[in-house]
Amino acid sequence: MVQTLRAADTLVMTGTGMITDWGEGPLGLPLSMWQWCALATAMRRRVLFLSVGVEQIVHPVARELLRRALLLADYRSFRDEHSRAQLMAANFPVAHDPIVPDLAFGLPVPESLRAARKPGTVAVGVFSHRSRGVNDAGDLAEYRAYVEKIGTLVLHLLSRKKRVRLVIGDTSDIAVVEDLKAWLGAKQSAPFESEPAQSVDQVLAQLAEAELVVATRFHNVLLALRMGIPVLSIAYEGKNDALMKAMGLGAYCQSIENLELPRLLDQVQRLEAEAPQLGPRIEKQAELFRMQLDAQYAALFGPPTAGGVHQDESVRQRGERGLIRAGLELSARRSFNG
């Protein structure tokens, strides 16, 4: 840690749902985050939390470690009101911290992706719901019901001559693809595409082909919206609903725990009918989010140069020790597991 911080002037906690102990416990990310922030502060480095997301915090020790880490920050922003409100409810002093969109909205969209859209293509993102039922019989029943509902959606799309591609957002979803393929195979379904992506770039390429996206993983939803693609969200956490509402798509949300198949099929058809009007609105909102991120970068690191890099006097003096926008966008790409 010390050697890393000696070569930097700023420690940045970047995006994703990192303010949580879910899957970590108090001695995982919460402890590590506090250690980094405490050491950076002791070494007189700037500590910034940029557009971070907040999810469940269960353990009291984790809550205290995260509180201490956030209190050491020179600057904090949250990616949505949902995140900030959760901390406010837990008496964290963040009421006046700004809301600035997820850093992934700063990712460039190459023209090759903008031109990749294939008419009639629907990307369906799968999710390792209830950890595929490995814990108990109740979870297994819920998972099987989920596979059946998603499988029925795929059959419905195929019956309407749609090109369907299954999309993952985490390596744990690969097994779900195999379960769904087995379920669909028993129904003798029409062909569909199901090659799991191995990187964020591959996820982007697969999503870019779609006219519509139905997804659960937050970053499947987010990356599709970044490219101006209408999305239907099947949420496992409130962050999905917050993002969809901000994009004007609140009518196209459901909870994975209470997923209603007839409503899902109706929502897909309505989304398809409204897609020509929704697409430009989504692109406009995504561009507004990008501009808000640029304003945050400019306030913290100085205005961009001709090459798109934010440089203030300290950055110019320290060269590669400075933190630039490209580094932040690279961090956003690491959100594949989100």
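Biologist: What are the ground rules for the numbers?

Modeller: This is a predicted model, where local features need pLDDT of at least 70, side-chain atom pairs count only at pLDDT 80 or more, and totals for chains, interfaces and linings use all residues. Residues are numbered from 1 along each chain as its sequence is written, and side-chain values use heavy atoms, with hydrogens and water left out.

Biologist: How many helices and strands does the protein chain have?

Modeller: The protein chain has 13 helices and eight strands. Both are DSSP runs, numbered from the N terminus: helices are H or I with at least four residues, strands are E with at least two.

Biologist: Why is C37 called buried?

Modeller: Buried means under 20% relative accessible area, exposed over 50%, and partly exposed in between, with a 1.4 Å probe and protein chains only. C37 has 0% relative accessibility, so C37 counts as buried. C253 has 11%, so C253 is buried too. Buried residues make up 50% of the 338 residues in the protein chain.

Biologist: What makes the phi of S51 worth a remark?

Modeller: Phi of S51 is near 50°, a positive value in a residue other than glycine. S51 sits in strand 2, residues 46–52. Its relative accessible area is 0%, so S51 is buried.

Biologist: And Q188: is this residue buried or exposed, and why?

Modeller: Q188 has a relative accessible area of 73%, which is over 50%, so Q188 is exposed. Q188 is found in the loop between helix 7 (174–186) and helix 8 (200–208). Its phi is near 55°, again a positive value in a residue other than glycine.

Biologist: S194 lies in that loop between helix 7 and helix 8. How do you know whether S194 is buried or exposed?

Modeller: The relative accessible area of S194 is 12%, under 20%, so S194 is buried. S194 touches L166, V177 and K181, not counting residues up to four places away in sequence. Contact means heavy atoms within 4.5 Å.

Biologist: What class does E287 fall into, and why?

Modeller: E287 has 33% relative accessibility, between 20% and 50%, so E287 counts as partly exposed. E287 is placed in helix 11, residues 261–301. The C-alpha atoms of E287 and F105 are separated by 7.9 Å, while the two residues are 182 apart along the chain.

Biologist: Why is E209 called buried?

Modeller: Its relative accessibility is 14%, under 20%, so E209 counts as buried. E209 lies in the loop between helix 8 and strand 6 (212–215). Leaving aside neighbours within four places in sequence, E209 is in contact with A116, R117, K118, T121, R163 and R165.

Biologist: What makes D139 buried?

Modeller: A relative accessible area of 13%, against the limit of 20%, so D139 is buried. D139 belongs to helix 6, residues 137–159. D139 touches R130 and G133, not counting residues up to four places away in sequence.

Biologist: Why is helix 9 called roughly parallel to helix 10?

Modeller: Helix 9 (residues 218–226) and helix 10 (residues 238–246) pack at an angle of about 15°, with axes 10 Å apart. Angles under 35 degrees count as roughly parallel, over 145 as roughly antiparallel, 65 to 115 as roughly perpendicular and the rest as oblique, so this pair is roughly parallel. Axes are lines fitted to C-alpha atoms, for helices over the stretch in contact, and angles run from 0 to 180 degrees between N-to-C directions.

Biologist: Which residues make that contact?

Modeller: F218, V221, L222 and L225 of helix 9, with K239, N240, L243 and M244 of helix 10. They divide into six nonpolar, one polar and one charged. Ala, Val, Leu, Ile, Met, Phe, Trp, Tyr, Cys and Pro count as nonpolar, Asp, Glu, Lys and Arg as charged, and the others, Gly among them, as polar.

Biologist: How do you know how helix 2 is oriented to helix 3?

Modeller: The axes of helix 2 (residues 29–42) and helix 3 (residues 60–71) come within 8 Å and cross at roughly 25°. That angle is under 35 degrees, so helix 2 is roughly parallel to helix 3. P30, L31, M33, W34 and C37 in helix 2 meet A62, L65, L66, R68 and A69 in helix 3. By class, this contact has nine nonpolar, no polar and one charged residues.
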